[in-house]
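Me: I'm new to protein structures and would like to learn how to read one. Could you walk me through it?

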Amino acid sequence: NPNAVKQCTPYKKDLPDLKPPYVPKDKLHQKLRYVLEHMNYVLAGYQSDKIQEMVNLLIEITSDPRLPLLEFNELLSILSTRLPEEITQKISQLISNYGLNLQPGIAAPAFPAQVIASTIKNYSNNLDSDSANAFNAVVLPILELSEKYEKG
């Protein structure tokens with residue numbers, strides 16, 4: 001029955017002033033995401049008067065040895081419930097040891113990305129094919145992040 005359908009009416013009031021979106025900038029890896037998103041907009045053709053500021057911030061962030069630590073901790077917090085306890089503990093231990101070895105004024109140790117990747121691959125090799133496929137699908141983000149930091 002077309003008469004039973006309620007007709008929509010156009011919105012005639014003024015829209016509120018939009019404020020800039022909230023961008024969490026308190027953690028290094030979150031700042032990196034913000035800077036990369038901003039730079040991608042610039043590369044897509046949008047204008048920005050903050051290009052030099054963003055480039056300097058990008059250099060500062062990527063030079064900080066805490067960046068891989070924060071990225072892996074974030075990823076593990078998301079995936080830890082889907083990973084076997086043994087793998088979660090081994091990766092957490094490797095990341096914790098790296099974090100403990102970070103000392104101000106002392107050259108940062110190499111991030112154990114290769115060790116993390118080999119730990120995951122060794123565990124996967126000991127599984128049957130169906131379980132290995134499911135496991136590899138879950139750990140793919142960790143392996144991709146490990147690959148990103150393999151060479152420092």
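Predicted model: local features only at pLDDT ≥ 70, side-chain atom pairs only at ≥ 80, totals over all residues.

Me: How many aromatic pairs does the structure hold?

Reply: There are 5 aromatic pairs. Take Y41 and Y46: their ring centres are 5.9 Å apart and their planes stand at 80°, so this pair is edge-to-face, because an angle over 60 degrees counts that way.

Me: What does the pair of Y123 and F135 look like?

Reply: That pair is tilted, with 5.0 Å from centre to centre and 50° between the planes. Y123 sits in helix α5 (residues 113-125) and F135 in helix α6 (residues 129-149), so the pair links distant parts of the chain, 12 residues apart. F135 is buried, and its relative accessible area is 7%.

Me: Which residues do ring pairs link into a cluster?

Reply: The cluster is made of F72, Y98, F111 and Y149.

Me: How should I think about a nonpolar core?

Reply: In soluble globular proteins, nonpolar side chains tend to be buried together. Here the largest nonpolar core has 30 residues, and those with the most contacts inside it are F72, I91, I95, F111, I116, I120 and I142. At least two residues of this core come from each of α1 (28-43), α2 (51-62), α3 (67-79), α4 (85-100), α5 and α6.

Me: What does F72 touch?

Reply: Leaving aside residues up to four places away in sequence, F72 touches I95, F111, I116, I142, L145, S146 and Y149.

Me: And how do I describe two packed helices?

Reply: Two packed helices are described by the angle between their axes and the distance between the axes. For α3 and α4, the angle is about 155° and the axes are 10 Å apart. That makes α3 roughly antiparallel to α4, because an angle over 145 degrees counts as such. The crossing of α3 past α4 is left-handed.

Me: Which residues make the contact between α3 and α4?

Reply: From α3 come P68, L69, F72, N73 and L76, and from α4 come I91, S92, I95, Y98 and G99.

Me: Let's finish with one residue. Where is T88 found, and is T88 buried or exposed?

Reply: T88 is found in helix α4. With a relative accessible area of 11%, T88 is buried, because the cut-off for buried is under 20%. Not counting residues up to four places away in sequence, T88 touches S80 and L83.

How values were computed. Residues numbered from 1 in each chain as written. Heavy atoms only, no water. Phe/Tyr/Trp six-rings, centres within 6.5 Å; stacked < 30°, edge-to-face > 60°. Helix = DSSP H or I, 4+ residues; strand = E, 2+ residues; numbered from the N terminus. Buried < 20%, exposed > 50% of the residue type's maximum accessible area, 1.4 Å probe, protein only. Core = buried A, V, L, I, M, F, W, Y, C linked by side-chain atoms within 4.5 Å. Contact = heavy atoms within 4.5 Å. Axes fitted to C-alpha atoms, helices over the stretch in contact; angles between N-to-C directions. Parallel < 35°, antiparallel > 145°, perpendicular 65-115°, else oblique. Left-handed = near helix turned anticlockwise from the far one by under 90°.
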